Amino acid sequence: MREQRTPLYDALIRHSHKTKWSFHVPGHKNGTIGFKDSENNAFASILPMDVTELTGLDDLHEPSEAIKEAQELTASLYGAHSSYFLVGGSTAGNLVMLLSAFQENDLVFVQRNCHKSVLNGLELAGLEPVFLSPGVDPVGQFATGLTLERVKEAVTKYPEAKGIMLTNPNYYGWAADLKEMIHYLHEHGLIVLVDEAHGAHFGRSEWFPESAIKSGADMVVHSAHKTLPAMTMGAYLHCNSFRMDENRVKHYLQALQSSSPSYPIMASLDLARAYVGSLTPEDFKAIKKDAEHFRDALNSIPQLTVLNSPRDYGLDPLKVTVQSTTGRTGYELQEKLEDKGIFTELADPLNVLFVLPLGRIPGLDELIETIRGALSDDMFHKKHSRLPLQSTGTGISALAAGYKELLMMESSEVWISQSSGLIAAQSIVPYPPGIPLIARGERITEEMVKEYQYLLAQGTRFQGGQGKKIIVYAEQKEE
């Protein structure tokens, strides 16, 4: 079947069988330089495929052979107008979407619980963001998604807006139905971009939420490496409507991605697409059975409770979020699991997130018993505080100053505890999940400061905010 073809991967295999001497980059020369102990060399099998744009291997930035066919097969699988391979993850895709969809100084709505790459893209494109605050789940204490009412309010308040950047699903697998929202936005002439990083498998079975592509979004990015069997940094960018100028898209793809893209990553994208396309209804039933068994088993462990999404959100069954019933933080619970060799995707002050495979779970019964054993002696620990999440704001907000204006302002370093009311000159990002708590250019609120202090006390890791300090802008005082 055509869907199961892997043109790029096959071309690499043919090349590795044919080559005898390498007089081209990279410098490891098919793994013969710098990797002496081939028997114990973990790279031995992949280095012969780590090549460059040689005859028969095509060129990512001007594809006409294997890469072109691989990308066309990807577009066909997802039902998109065209699809592109990304070797810089969804980060590269978010940057390309914002730069290619809008013009400098355009006003763009942005879902506030976006990934930090979206904020970087807004700044690089010179856009004027208006942030729309999502809902907050009272049990998980994490941001969910936007309501149609919030979007309508924003369009009424800012009729000059050119588009919107949505994030769906959230990190925990909660997916909003975007059809009605996208239809409304298109009726008002707005371009709709969707960071669907965690939904590369959406729409492949009725068991999964619908993809933003089918819901009508103009451009969508997928982190293939998150739930598909692709290598880290492998992602897809999909163009899905006449509203996009694909010449601009291609320009920014080559401008923002390496001129020496990784062939192993691209080949893994080819293989991941073929894998998803080959899954049968019986395969999906088996995946569903394992996932449901895993969720039910964890729910039966007295020390755990499994979170469910509310009625107005779909739940990605590959995401399983648990909380301790014994008073442990998510970080403490994660540590107990890691002591038994179980490494989860994410911990926050309350939750631990499991990301299940798009396939059978190996050793499922042993895994469940290991988790049960890891928590068997965990009696009531302590009651930790639950600070209601406030950082995503309470409505619709703009930056305190435009990005160009920020460049002209002087900055200084202050204690975060004393930063309320000041304009942030750097972002403070809990990582994972990579959603900025404080965004560069935002006016810092007392709620943001309190949440930073709360997260820090619970053991959260941050990008930015080292030494409990933050760089802020000095505002000119009026005479």
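This is a predicted model: local features need pLDDT of at least 70, side-chain atom pairs count only at pLDDT 80 or more; totals for chains, interfaces and linings use all residues.
Local features need pLDDT of at least 70 and side-chain atom pairs count only at pLDDT 80 or more, while totals for chains, interfaces and linings use all residues. Residues are numbered from 1 along each chain as its sequence is written, and side-chain values use heavy atoms, with hydrogens and water left out.

The largest nonpolar core has 92 residues. Such a core is a set of buried Ala, Val, Leu, Ile, Met, Phe, Trp, Tyr and Cys residues joined through side-chain atoms within 4.5 Å, where buried means under 20% relative accessible area with a 1.4 Å probe, protein chains only. F109, F294, L298, F354 and I371 have the most contacts inside this core. Helix α9, residues 263-278, gives the most to it, with seven residues; helices (H or I, at least four residues) and strands (E, at least two) are DSSP runs numbered from the N terminus. A second, separate core holds 37 residues, including L98, V221, C239 and L399.

Beyond its neighbours within four places in sequence, F109 touches V130, L132, A154, V155, Y158, A161, G163, I164, M165 and L190, contact being heavy atoms within 4.5 Å.

Two cavities of 30 Å³ or more are found in the whole structure. A cavity is a set of points, on a 1 Å grid over the protein atoms alone, where a 1.4 Å probe fits but cannot get out; lining residues have an atom within 4 Å of a point. The largest cavity holds about 70 Å³, and its lining has seven nonpolar, five polar and no charged residues. Among them are Q111, N168, W174 and Y313. The second largest cavity, of about 30 Å³, is lined by Y172, W174, R295, L307, L315, K319, V320 and T321. Strand β11 (residues 319-324) gives the most to that lining, with three residues.

A pocket is an open set of grid points with protein on both sides within 12 Å along at least five of seven lines. Of its 27 lining residues, H115, H198, K226, Y431 and P433 are the closest to the centre. Helix α3 supplies the largest share of the lining, four residues. By class, the lining has nine nonpolar, 14 polar and four charged residues.

UniProt, in an unreviewed entry, places the feature "domain: Orn/Lys/Arg decarboxylase C-terminal" at residues 399-457. Over residues 399-457 the chain is 29% helix and 15% strand, with the end C-alpha atoms 28 Å apart.

How values were computed:
Buried means under 20% relative accessible area, exposed over 50%, partly exposed in between (1.4 Å probe, protein chains only). Grid points are joined across faces, edges and corners, and a volume is the space filled by probe spheres set on the points. Ala, Val, Leu, Ile, Met, Phe, Trp, Tyr, Cys and Pro count as nonpolar, Asp, Glu, Lys and Arg as charged, and the others, Gly among them, as polar. UniProt positions are given in the numbering used here, feature names are shortened, and annotations may be inferred rather than shown by experiment.
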